[in-house]
Amino acid sequence: MTEYHNPVMLQECIEALNIKPDGTYVDVTFGGGGHSREIMKHLGENGRLIAFDQDADAQRNKIEDKRFEFVDQNFRYLKNFCRLHGAIPVDGILADLGVSSHQFDEAERGFSIRFDAELDMRMNQQSELTAKQVVNTYGEAELHRIFGIYGEIQNAKSLAKTIVTGRLNGPLNTVSDLKNAISGLIPRGKEHKYLAQVFQALRIEVNQELEVLKDFLQQAAEVLGTGGRLVVMSYHSLEDRLVKNFIAKGKFSGEVEKDFYGNDQKPLVAVSRGAITATEDEIKENNRARSAKLRIAVKK
């Protein structure tokens, strides 16, 4: 089994799913299988679990059990593959968003600022777009948009200009190339935070993470049966805002729509008031839990 770190807020996620022994559940971010294995413990012989993961590494962790089915696809195709497996409606869906600690720890994947490697950052290694291509081919205005919106970087305009100027001397192919090109812009004492924001922006662009999340949330509301649970864990404010808005309004911006009688037209109802966060003890054990926000909703 490929080495993965402990799943974040494991017990909270399992409780949130409110698992029925004969129910059908979907784990759309299988990874090391930590959450899936725990879900399986709560299923009876007629229960089912379908797991999604587009990362080839995750396939090595598949669970050998007739109640388990693995889908090697991005979870933006949730509805199609649930239909293909005869699994609509489902009783619960779990999504643990973002990059797995395993992906961060694999130096050659180019996700981490800790290692020097090619600027890759693809969650699905069959995709064409890499971080290297974004850095070397995107225009200044497009880079400005990515760093401003996805990285929430204060000096995004200067950063875009610096990258475009820097690549005139030769392509920025590696983590070191990029760090060296932008070194003059990095605030002293905040190097780690700044670079993490730069890398987050590139990663979101390469993997279309926010568009994928929107597709997933809309399909999740359609795939869930009445009373089914949606459990989503996010790790930065951009993701959490989309999840929060969709649960509250059934859409990602604007006000909730009403029917002729003034009733809210939204498919989900929040189960928890606000986001659930990890305990101090868990954060000490698993640093990834520090930024995690868990939201739970039920299908009306």
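This report describes aromatic pairs, side-chain contacts, a helix crossing and backbone geometry in a predicted model.

## Basis of the description

Because the model is predicted, local features need pLDDT of at least 70 and side-chain atom pairs count only at pLDDT 80 or more, while totals for chains, interfaces and linings use all residues. Residues are numbered from 1 along each chain as its sequence is written, and side-chain values use heavy atoms, with hydrogens and water left out.

## Aromatic pairs

A pair of aromatic rings is described by the distance of the centres and the angle of the planes. The structure holds six aromatic pairs (rings of Phe, Tyr and Trp, the last by its six-membered ring, with centres within 6.5 Å; planes under 30 degrees apart are stacked, over 60 edge-to-face and the rest tilted). One of them joins F30 and F68: the ring centres are 5.5 Å apart and the planes stand at 45°, so the pair is tilted. F30 lies in the loop between β1 (24–27) and α2 (34–41), and F68 in strand β3 (residues 68–71), so this pair ties together parts that are 38 residues apart in sequence. Helices (H or I, at least four residues) and strands (E, at least two) are DSSP runs, numbered from the N terminus. F30 is buried at 2% relative accessibility, and F68 is buried at 8% (buried means under 20% relative accessible area, exposed over 50% and partly exposed in between, with a 1.4 Å probe and protein chains only). Ring pairs link F30, F68 and F70 into a cluster.

F75 and F216 form an edge-to-face pair, 5.1 Å centre to centre with 75° between the planes. F75 lies in the loop between β3 and α3 (78–84) and F216 in helix α10 (residues 209–223), so the pair ties together parts 141 residues apart in sequence. Both F75 and F216 are buried.

## Arginine contacts

R288 lies over the face of Y235, at 4.3 Å from the ring centre; a charge sits over a ring if NZ of Lys or CZ of Arg is within 6 Å of the ring centre and within 35 degrees of the ring normal.

R122 is found in the loop between α4 (101–105) and α5 (131–137) and is buried, with a relative accessible area of 17%. The side chain of R122 makes a polar contact with the side chain of D120 at 2.8 Å (a pair of N or O atoms within 3.5 Å; within protein, one must be able to donate a hydrogen and the other to accept it, and residues adjacent in sequence count only if both atoms are side-chain atoms). A polar atom of the R122 side chain also lies 3.1 Å from the backbone oxygen of Q125.

## Helix crossing

The axes of helix α6 (residues 140–149) and helix α7 (residues 156–166) come within 8 Å and cross at roughly 135°. Axes are lines fitted to C-alpha atoms, for helices over the stretch in contact, and angles run from 0 to 180 degrees between N-to-C directions. The angle makes α6 oblique to α7 (under 35 degrees is roughly parallel, over 145 roughly antiparallel, 65 to 115 roughly perpendicular and the rest oblique).

## Backbone geometry

Most residues other than glycine have a negative phi, and most peptide bonds are trans. M9, in the segment before α1 (10–17), has a positive phi of about 45° although it is not a glycine. M9 is buried at 0% relative accessibility. M121, in the loop between α4 and α5, has a positive phi near 70° and is buried, with a relative accessible area of 0%.

A cis peptide bond joins I88 and P89, with omega about 5°. P89 lies in the loop between α3 and β4 (90–96).
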